[in-house]
There are 2 protein chains.
Amino acid sequence: MSNASSSTLDTPAFSPLYLQIKGLILQGLQSGEWKPGEAIPSEMDLAARFRVSQGTVRKAIDELAADNLLMRRQGKGTFVSTHAEQQVQYRFLRLRPDQGDEHSEGPARRLILECKRMRATAEMARLLALRTGDAVMHARRVLLFAQTPAILEDIWLPAQAFKGLSAERMASYPGPTYAMFEEDFGVRMVRADEKLRAVHPNAEQAALLEVDVDTPVLSVERVAYTYNDLAMELRRGLYRTDTHHYRNTLA
Amino acid sequence: MSNASSSTLDTPAFSPLYLQIKGLILQGLQSGEWKPGEAIPSEMDLAARFRVSQGTVRKAIDELAADNLLMRRQGKGTFVSTHAEQQVQYRFLRLRPDQGDEHSEGPARRLILECKRMRATAEMARLLALRTGDAVMHARRVLLFAQTPAILEDIWLPAQAFKGLSAERMASYPGPTYAMFEEDFGVRMVRADEKLRAVHPNAEQAALLEVDVDTPVLSVERVAYTYNDLAMELRRGLYRTDTHHYRNTLA
DNA sequence: GAGTGGTCTAGACCACGCG
DNA sequence: GCGTGGTCTAGACCACTCA
C-alpha cells in the first residue's frame with residue numbers, strides 16, 4: 001500500500017495507512033459489496049487483501065465501529081450495522097416516556113396519512129442537495145404510543161432513490177422505517193442532524209396530535225445522511241412533550 | 001500488574017490490563033493529582049510506573065481521550081481536559097443562532113439575579129443524590145445574546161462542595177461557569193444528561209425572557225456529573241427558540 | 001479444534017513542538 | 001536535537017462461537 005503522495009499541491013494530503021484502509025472499507029460499504037447485517041471479511045483477510053498488517057486493519061475497523069458503521073462480535077466477525085435487528089429499535093428517536101423505562105409502551109403504532117410525489121421547494125432542495133423543482137416523495141404520518149398520538153412527522157425523500165415508495169409499504173413494514181429504507185432501497189442512514197424548537201401547532205397539526213392549538217410542542221427538523229455525508233432525508237416532526245421528553249446526553 | 005481476580009463470586013470480574021490502567025489514571029484525575037489544563041506524565045513514564053508496555057497505556061489514554069477527559073497534543077503531551085481555554089467555549093450549550101456561524105454573536109452577557117443557600121426539595125435530592133433538606137446553593141441568571149435575553153437558568157449545587165459561591169463571583173468570572181467551578185471549587189463536569197420539553201413560561205419567566213406568556217419556549221433540565229458519575233449540578237433552563245435553535249447530532 | 005476478534009508486547013520509524 | 005505523541009509491524013496468547 002503506497003502513500004497517496006506526489007500531489008502537485010504544497011499540501012501533501014498525507015494520510016496514515018489506517019485512514020486509507022478505512023476509506024477502502026468505506027468504499028465497500030457504499031458500493032454495497034457488504035450489505036447491512038452481513039459480515040465483512042476477517043481482519044486477516046482484509047490485511048492480506050490490502051497488503052498491510054492486521055493491526056492497521058484493526059485500527060481502521062475500530063474507527064468505523066466507533067462511528068457505528070460496523071459492529072464487532074468477538075468470536076463471530078465484524079458486521080455491517082443496520083437499523084433492523086438492532087436491540088435498540090428507533091436508533092435516532094430520542095423521545096422517551098416520562099414514566100417507565102425505554103419503551104415499556106411497546107412499539108409505536110403508525111398511521112400513514114399521505115405518501116405522494118411532489119416538487120422540492122427551494123429550502124428542501126438546499127437541505128437535500130437537490131435542485132428546486134426536483135421530484136421528491138412526501139410522506140406524512142402519526143406515531144402513537146399507548147394509543148395516544150405523540151409524533152406527527154412529514155418526511156421528504158429524493159424521489160430518484162426511493163422509486164416505488166408507497167403508503168401501503170410504509171404501513172405494513174414491521175420495524176423501523178430506516179430498516180425498510182435499507183431493505184427496499186439500499187439506503188442506509190448513518191448520521192443525522194437535528195434542530196429543535198418550541199412551537200405552537202397549527203390547527204391541522206393540533207387536531208392530528210389531539211392537543212389544543214395553544215399547547216406547546218417540540219419541533220424537530222432532521223436531516224439524515226447516508227455514507228459520505230450525502231443528505232437523503234428531510235424530516236419535520238412535532239413531538240408532544242406532555243407525557244414524554246426528548247432525551248440527550250452531553251459529553 | 002496482576003489481574004483483579006480471586007473474587008468469591010462466580011463472575012470473575014475479569015478486566016483487561018488497559019482498563020485497569022484506565023481506572024488508575026482516572027483515580028489520578030479524581031484525586032487531583034493532575035489538574036485541568038495540566039499535562040499528565042508521558043506514555044513512557046506511565047508505562048514504567050504501572051509496569052506495562054507503552055501500547056497498553058496508549059489504549060487506556062485513547063479511551064479517556066475519546067471520553068473527553070484527556071486531550072492529546074502531538075509533540076507536547078497529554079493534557080487534562082478543561083472547560084476553560086477550550087476553543088469551543090460553552091461545551092455543553094447546544095443553543096445556536098439561526099443565522100450566522102457558531103457564536104458570531106460573541107460571548108454571552110450574564111445577569112445574575114440571585115445566588116443563595118436553600119434546602120433541597122425531595123426531587124432535587126433525588127437528582128443530586130442528596131437527602132431532602134440538605135443545603136444547596138441556588139443561582140438564577142439570564143444569558144443574553146446580541147443584547148436579547150435568550151436563556152433563563154436556575155442552577156442548584158450541593159452546598160458542601162460549593163462553599164463560598166457568590167453572585168459577585170458568578171458575575172465577574174470571565175469565561176464559562178463550568179470553568180469557574182474547576183478553578184474555584186475543583187469540580188470538573190465531565191458529562192451531562194438533558195431532558196427537553198416545549199412549555200409556556202410563567203409570568204415571571206416570561207418577563208425575564210422578554211416574551212409573552214403564550215410564547216412556547218424550550219425547557220431544558222440538565223443533570224451534570226463529575227468523575228465517577230457523581231451528580232454535582234441540577235440546572236433548569238428556558239431557552240427562547242424564536243431566533244435560536246437547539247442543535248443535536250445523532251450517530 | 002478451527003476461526004474470529006481482543007489483548008499485550010517490543011521495537012522501529014515518523015511528525016510535531018520547542019529550546 | 002530531544003522528547004512527545006502517532007503510526008506500523010510481527011508475533012504471542014486469550015476469549016468467544018460454532019461445528
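Trainee: Which rotation superposes chain B on chain A?

Mentor: This is a predicted model. In it, chain B falls on chain A with an RMSD of 0.1 Å. The shift along the axis is 0.0 Å. The rotation is 180°.

Trainee: What kind of axis relates the two copies?

Mentor: Two copies of a chain are related by a rotation about an axis and a shift along it. Here the rotation is 180° and the shift 0.0 Å. The copies are thus related as by a two-fold rotation axis.

Trainee: How many of the contact residues of chain B recur in chain A?

Mentor: Both copies use the same surface. The share of chain B's contact residues that recur in chain A is 97%.

Trainee: What is the average pLDDT of chain A?

Mentor: Of the residues in chain A, 92% score at least 70. The average is 93.

Trainee: Where in chain A is the pLDDT below 50?

Mentor: Where pLDDT is low, the predicted coordinates should not be read in detail. The stretch in question has 14 contacts in the model beyond near neighbours in sequence. It is residues 1-11 of chain A.

Trainee: Are H1(A) and H3(A) oblique or roughly perpendicular?

Mentor: H1(A) covers residues 17-31, and H3(A) covers residues 54-66. Their axes lie 8 Å apart, at an angle of about 60°. Roughly perpendicular would need 65 to 115 degrees. That makes H1(A) to H3(A) oblique.

Trainee: How many nonpolar residues are in the contact of H1(A) with H3(A)?

Mentor: On the H1(A) side, the residues include A:Leu17, A:Ile21 and A:Ile25. On the H3(A) side, they include A:Val57, A:Ile61 and A:Leu64. By class there are three charged residues and one polar. The nonpolar count is 10.

Trainee: What is the handedness of the crossing of H1(B) and H3(B)?

Mentor: Now turn to chain B. The axes of H1(B) and H3(B) come within 8 Å and cross at roughly 60°. That makes H1(B) oblique to H3(B). The crossing is right-handed.

Trainee: Which charged residues of H3(B) meet H1(B)?

Mentor: Lys and Glu count as charged.

Trainee: Are H2(B) and H3(B) roughly parallel or roughly perpendicular?

Mentor: H2(B) covers residues 43-50. The axes of H2(B) and H3(B) come within 8 Å and cross at roughly 110°. Angles of 65 to 115 degrees set the class. The two helices are therefore roughly perpendicular.

Trainee: How many charged residues are in the contact of H2(B) with H3(B)?

Mentor: H2(B) brings B:Glu43, B:Met44, B:Leu46 and B:Ala47. H3(B) brings B:Gln54, B:Val57, B:Arg58 and B:Ile61. Five are nonpolar and one is polar. The charged residues number two.

Note on methods:
Residues numbered from 1 in each chain as written. Chains lettered and ligands numbered in written order. Predicted model: local features only at pLDDT ≥ 70, side-chain atom pairs only at ≥ 80, totals over all residues. Heavy atoms only, no water. Least-squares fit on C-alpha atoms with pLDDT ≥ 70 in both. Contact = heavy atoms within 4.5 Å. Axes fitted to C-alpha atoms, helices over the stretch in contact; angles between N-to-C directions. Helix = DSSP H or I, 4+ residues; strand = E, 2+ residues; numbered from the N terminus. Parallel < 35°, antiparallel > 145°, perpendicular 65-115°, else oblique. Left-handed = near helix turned anticlockwise from the far one by under 90°. pLDDT = per-residue confidence, 0-100.
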